Amino acid sequence: MHIRGPKDFPYGYNEITTMDNAEQGAMMDFGILRMKDGDVFSEGQHLERVYLFTYGKATVEFDGNTVEIERPNCFDYDPWVLHVPNDVEIKITAHGESEWCVHRTDNEKTFTPKLYTPEECRSEQRGKGTMREASTRIVRTVFDQSNAPYSNFVIGEVIGYPGKWSSYPPHNHPQPEVYFYKFNPENGYGFAELDEDIIKTHQNSTVLITKGETHPQTTAPGYAMWYLWTIRNLDGNPYITPYFIPEHLWVTKEENEKKIWPPED
């Protein structure tokens with residue numbers, strides 16, 4: 001499912017998915033919180049919550065902590081991410097224009113609230129040295145089962161280089177996933193595969209991957225693509241690794257580079 005967002009979200013919380021929407025199947029509340037200078041947002045719901053800072057300056061208060069944070073943009077800087085369990089009150093105060101990706105879901109497990117710093121984000125180049133660099137991209141993983149086994153979420157970001165592919169080779173998994181996109185420059189676009197269907201993605205688009213579809217991505221030449229990826233773990237079946245479609249796995253092996261047309265000198 002594709003939800004095309006506005007060029008700019010209105011100030012305040014903008015709902016995109018909800019846990020109880022069976023048609024969407026995302027199993028999570030997901031929305032965009034856009035704030036202007038001096039705006040204050042606070043909530044303390046009986047839900048696991050994740051707040052990923054897209055850009056701006058803000059003061060974050062939670063569990064007796066007060067932290068000043070800044071992220072000039074989501075392309076060049078790793079994220080700040082606030083992660084809290086049920087009933088923890090959080091407060092965000094904006095210092096200038098800022099934006100957050102907000103996630104909520106059911107989870108009765110208790111854990112210590114944590115503000116992940118940019119330095120704690122696992123950032124890596126994937127695809128480098130294979131496929132003639134056609135799928136080289138930056139993958140940032142904030143947390144997964146390895147460092148947050150108590151969470152019902154897995155969350156991170158991808159930077160797709162202009163004209164290249166990401167989330168490739170084609171793969172799938174049973175856990176529902178949300179992709180949310182931004183482009184640099186903002187008038188850029190890309191394409192998302194959902195099995196045999198192709199969706200054109202734009203600034204502030206959301207794509208729901210909720211039926212086990214394969215989901216490679218590509219971006220138009222001249223435009224970099226950032227997307228948030230958020231996976232909702234299933235009860236008794238958390239996301240560990242995807243299933244790669246076997247017929248396309250050969251492209252990832254360096255020894256097969258010579259099989260790619262045209263032959264290299």
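Predicted model: local features only at pLDDT ≥ 70, side-chain atom pairs only at ≥ 80, totals over all residues.

Colleague: Okay, how many helices and strands are in the protein?

Modeller: The protein has 22 strands and 0 helices. Its radius of gyration is 18 Å, close to the 18 Å that the globule rule gives for 265 residues, so the protein is as compact as a globular protein of that length.

Colleague: What does the C-alpha trace span along its principal axes?

Modeller: About 60 × 40 × 35 Å.

Colleague: And what share of the residues is buried?

Modeller: Buried residues are 55% of the 265.

Colleague: What about contacts between residues at least 6 apart in sequence: what percentage join residues at least 24 apart?

Modeller: That's 74% of them.

Colleague: Switching topic: how many disulfides does a search of the whole structure find?

Modeller: The search finds 0 disulfides.

Colleague: Now the rings. How many aromatic pairs are there in the whole structure?

Modeller: A search turns up 11 aromatic pairs. One of them is F9 with F180, a tilted pair with 6.3 Å from centre to centre and 40 degrees between the planes.

Colleague: Where do F9 and F180 lie?

Modeller: F9 is in the loop between strand 1 (2–3) and strand 2 (12–17), while F180 is in strand 16 (residues 177–184), so the pair ties together parts that are 171 residues apart in sequence. F9 and F180 are both buried.

Colleague: Which residues form one aromatic cluster with F9?

Modeller: F30, F180 and W226 form that cluster together with F9.

Colleague: Which charged ends sit over rings?

Modeller: I can give you two. The charged end of R34 sits over the ring of Y11, 4.3 Å from the ring centre. K114 has its charged end over the ring of Y116, 5.0 Å from the centre.

Colleague: Let's zoom in on T141. Which strand is T141 in?

Modeller: T141 is in strand 12, which covers residues 137–143. T141 counts as buried, with 5% relative accessibility.

Colleague: What does T141 touch?

Modeller: Leaving out residues up to four places away in sequence, T141 touches C121, R122, R126, I155, G156 and W229. For a sense of distance, T141 and E264 are 34 Å apart in space, C-alpha to C-alpha, and 123 residues apart in sequence.

Colleague: And A192, buried or exposed?

Modeller: A192 is buried, with a relative accessible area of 1%. You'll find A192 in strand 17 (residues 190–194). Not counting residues up to four places away in sequence, the contacts of A192 include Y181, I198, V207 and P216.

Colleague: Last topic: the backbone. What should I expect as a rule?

Modeller: Most residues other than glycine have a negative phi, and most peptide bonds are trans.

Colleague: Which peptide bonds are cis here?

Modeller: Two to look at. The bond from N184 to P185 is cis, with omega near -5 degrees, and P185 is in the loop between strand 16 and strand 17. W261 and P262 are also joined by a cis bond, with omega about 0 degrees, and P262 is in the segment after strand 22 (243–244).

Colleague: And which residues other than glycine have a positive phi?

Modeller: R132 is one of them, with phi about 55 degrees. R132 is in the loop between strand 11 (122–126) and strand 12, and R132 is partly exposed at 27% relative accessible area. D195 also has a positive phi, near 55 degrees. D195 is in the loop between strand 17 and strand 18 (197–201), and D195 is partly exposed at 38%.

Colleague: Thanks, I'll go and find those in the viewer.

Technical notes. Residues numbered from 1 in each chain as written. Heavy atoms only, no water. Disulfide = S-S within 2.5 Å. Phe/Tyr/Trp six-rings, centres within 6.5 Å; stacked < 30°, edge-to-face > 60°. Helix = DSSP H or I, 4+ residues; strand = E, 2+ residues; numbered from the N terminus. Buried < 20%, exposed > 50% of the residue type's maximum accessible area, 1.4 Å probe, protein only. Lys NZ or Arg CZ within 6 Å of the ring centre and 35° of its normal. Contact = heavy atoms within 4.5 Å. Rg over C-alpha atoms; globule rule 2.2 N^0.38 Å.
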